[in-house]
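Here are my notes on this one, as numbered points. Have a look at the model first, then read on.

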Amino acid sequence: MMLETETVQTKAGPSLSSEGVRIGFGDFTVVDGADFAAGPGEFVCLLGPSGCGKSTLITAIAGFEKIKGGSLLIAGHPVDGPSSETGMVFQGTEALFDWLTIRQNVEYGSKMRGMGSSERRQISDRHLELVGLTGAADKFPSQLSGGMRQRAQIARVLANEPRVVLMDEPFGALDAQTRHIMQTELDRIWQKSGCTIVFVTHDIDEAILLADRILVMTAGPKARIKSSYEVDLPRPRDETSAGAIELHRKLRSDIGEEVRAALRNQGLAKENS
Amino acid sequence: MTQVHLAQRVKPVARPRRRYDSQIRKVAILIISVLAGLVIWQVLSWQFGPALVASPAETAEAAFALLIDGTLWEAITASSYRILLGWLLGVAVGAPLGLLMGRIAVIRELAEPYIEFFRFIPPIAFVTLAVVWFGLGDMSQIVLIFYTSVFVVVINTMAGAVATDETKLRAAASLGASRFQTLYSIVLPSAVPHIVTGARLALGNSFLTIVSAEMVAADQGLGVLIWTSRNYGRIDWTFVGIITLGVIGFFFDRALRLLVSPLAKYKAKI
């Protein structure tokens, strides 16, 4: 209840724009031509077959990977190395600092910025409540289940108030039931916090459940964004609703070509090696 | 009805009791192990006679005599002081240096040739130099202990720093931590188990070094006790010195492990 009046503040402005981004290692080009933008408060899903380069793209947005061409702007400023402008929720739970409690993990960013302990405490209280971890504040990551650890990661990133929250298949390692709960939870958290999210997944239903806009990527190498789908289904969404099923069908045929292309490429790679 | 009630009451009691039993078992095995050692020692002393092997009883008697006249206590405090100070300095210098070497390529490239060069020169090789530079006594011993400790701590810490989980480093960076903040808030805690291993190995090295260094370059200490007892033909004093070394080493290591056990807590919970 308190959360609704005290909505988590996110910085305003056009959050992310990516134009003609090219990423590669040596002669090998992974991503070639990623054109998209994410407005403030928007939830964008990058959907593509495994190994297509969507993780590479999000890694570059986070500043962990240098781009070879094109431009990547966060709130109008080019990405130059990792910064608190972009917060990353990783797939693996090893991203949590396991010598710190959940609360200390959530307070890490504000502590590094030199914020006082009472202020930090307020921030962590608010975000632990937001993700439903108030009772686990003083536990260590190793004492929590996979789903709770991902909640902790989300709280830690949101507490830092980044312009863009990046999520790289954050629920990929969870079992099906927990994954479904976390998807619903993320929908709720996103609506309450009003943050901008770029979410990478290969799961069509996950994209439909969560995204305002779904961007389909082609199979790598030289992956690009080939199509964009606005999802205007009412939230909370139901993947068995007529609209969702129809969208699923469209996306499946669209992405199916890419999956086949990816398989062909892998076959080729195997023959070559 | 009453049976169910009983079962519920018995269960929580059963657990601590099992733990208690395993403690007793541990202590019992320790006692058996020590007794077996004493028996073998006794047999050996009968076999070779008091001129070669002092029996447990003779050793205890000698230890008591040396304790009474203060020699043993003086030797223990002198050696312990040198070991502790030299070793602490070695860890205090070695751990930060290892962290920096593990994460910053230039520092690693600058320091590595020296680390690789000096770690193959045993401290004994420097005993004479140490005496010339620092004189007979504490200073030269402490420098030698420092020398024997620092490299093993550096190498272990560096291995830990290099092995820091990449995802954690990335998470810290995207939460806004600077390079230096990442070093002490992520790399250091990740490397703690490696640092502790390095420190324990260094402690072992310190005991190896102290005896030989004191034999050459000191006027008191356990090394001196062992060396002079040979001059007097007192094999029992030699035994006292040797056993005392083992006992203090054992307790130092236990104390170190106790000291760092809170640090290892989060790991144990996994």
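1. Nonpolar covers Ala, Val, Leu, Ile, Met, Phe, Trp, Tyr, Cys and Pro, charged covers Asp, Glu, Lys and Arg, and the others, Gly among them, are polar.

2. Before you go further: this is a predicted model, with local features needing pLDDT of at least 70 and side-chain atom pairs counting only at pLDDT 80 or more, while totals for chains, interfaces and linings use all residues. Residues are numbered from 1 along each chain as its sequence is written, and chains are lettered from A and ligands numbered from 1 in the order in which they are written.

3. Chain A has 8 helices and 10 strands (DSSP runs numbered from the N terminus: H or I of at least four residues, E of at least two). Its radius of gyration is 19 Å, close to the 19 Å from the globule rule for 273 residues, so chain A is as compact as a globular protein of that length. The radius is taken over C-alpha atoms, and the rule is 2.2 Å times the number of residues to the power 0.38. Buried residues are 47% of the 273 in chain A.

4. Ile214(A) sits in strand E9 (residues 213-217) of chain A. Is Ile214(A) buried or exposed? It counts as buried, with 26 C-beta neighbours inside 10 Å (20 or more is buried, 12 or fewer exposed, in between partly exposed, with C-beta atoms placed from the backbone). Beyond neighbours within four places in sequence, Ile214(A) is in contact with residues including Cys45(A), Tyr229(A) and Leu251(A); contact means C-beta atoms within 7 Å.

5. Between the chains, 16 residues of chain B meet 23 residues of chain A. On the chain B side, H7 (166-174) and H8 are the elements giving two or more residues, and H7(B) has the largest share, 6 residues. That side splits into 8 nonpolar, 4 polar and 4 charged.

Conventions. Contact = placed C-beta atoms within 7 Å.
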